[in-house]
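Hi everyone, thanks for making time. Let me put the structure up, and then we can walk through it together.

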Amino acid sequence: MRAGSSVVVFGAGAVGLAAVMAAAAAGAGEIVAVELHAGRRELAAELGATRVLDGRDPDVAAQVVAWTGGGADVAFDTTGVSEVVVTALAALRPKGRCGLVAAGELVLPRRTLTAGKSLTFVLEGGAVPRRFIPRMIRLWQAGRFPFDRLVRTYPLAAIADAERDAAAGTTVKPVLVPA
Ligand SMILES: NC(=O)c1ccc[n+]([C@@H]2O[C@H](COP(=O)([O-])OP(=O)(O)OC[C@H]3O[C@@H](n4cnc5c(N)ncnc54)[C@H](O)[C@@H]3O)[C@@H](O)[C@H]2O)c1
């Protein structure tokens, strides 16, 4: 995406929040985060989302279209929910691009891929690690990619707590540390 682009991210877990931070670091204009958990919506706003929406809202696509003046340039689905991908495509402007990261069943009515919109599966950010990881570290050092805010560590013995907190949505990225 180019600086000034409008972006809508579905799911504010580890991948979606990383996308929010990356969009902010890349100079996006409007960044909308759509998420079911209120705490994760708050975190998205702290990390760069200009607006947040509850995924249960029936008018998500219409609100994104209104806020972005005709639809987002880029949509990114991290939920893996087929209906959410339909909403993501509806939230795009003509010729907008939607990225997917989650595997699983996807059912799309033909009308969703009109107006030159495109849908792409993105693997590991489409990045060349040797170049991209140092770039992410530089952004982190500059305070522009604070991924450590997503991480909570647990001793390996507390794996059940980590699983419980991740399922409840209170921990975004549990990291187990062997004793
Ligand atoms: N393609 C790749 O290279 C790649 C890399 C890493 C992870 N993944 C995949 O990406 C996906 C996301 O990973 P993650 O670690 O961020 O998972 P996560 O569970 O932390 O995040 C998913 C988020 O989506 C939200 N969500 C679910 N249904 C929703 C809805 N209807 N509306 C709005 N939000 C909704 C959940 O509340 C959750 O916060 C997983 O499927 C994972 O396997 C792909």
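So, let's begin with the domains. The domain assignment gives domain 1 (7-126) and domain 2 (149-179); such bounds come from an automatic or database domain assignment. Before I go on, a word on the model: it is predicted, so to speak of local features we need pLDDT of at least 70, side-chain atom pairs count only at pLDDT 80 or more, and totals for chains, interfaces and linings use all residues. Residues are numbered from 1 along each chain as its sequence is written.

Back to the two domains. Their C-alpha centres lie 26 Å apart. Domain 1 brings seven residues to the contact and domain 2 brings six, where two residues are in contact if their C-beta atoms, placed from the backbone, lie within 7 Å. On the domain 1 side, α1 and α2 (38-47) each supply at least two residues, and α2 gives the most, with three. Helices here are DSSP runs of H or I with at least four residues, strands are runs of E with at least two, and both are numbered from the N terminus. By class, that side of domain 1 has three nonpolar, three polar and one charged residues. For the classes, Ala, Val, Leu, Ile, Met, Phe, Trp, Tyr, Cys and Pro are nonpolar, Asp, Glu, Lys and Arg are charged, and the others, Gly among them, are polar.

Now the ligand. Which residues come nearest to it? Of the 24 around it, those are G11, G13, V15, G55 and A102; a residue is near if its C-beta atom, placed from the backbone, lies within 6 Å. Both α1 (14-25) and β2 (31-35) supply at least two residues of this shell, with α1 giving the most, three residues. The shell has twelve nonpolar, nine polar and three charged residues.

Buried means 20 or more other C-beta atoms within 10 Å of a residue's own, exposed means 12 or fewer, and partly exposed is in between. As for A33, leaving out residues up to four places away in sequence, its contacts include V9, V20, R41 and V52.

Last stop: G70, in the loop between α3 (60-67) and β4 (72-77). Why does G70 count as exposed? Because it has 12 C-beta neighbours inside 10 Å.
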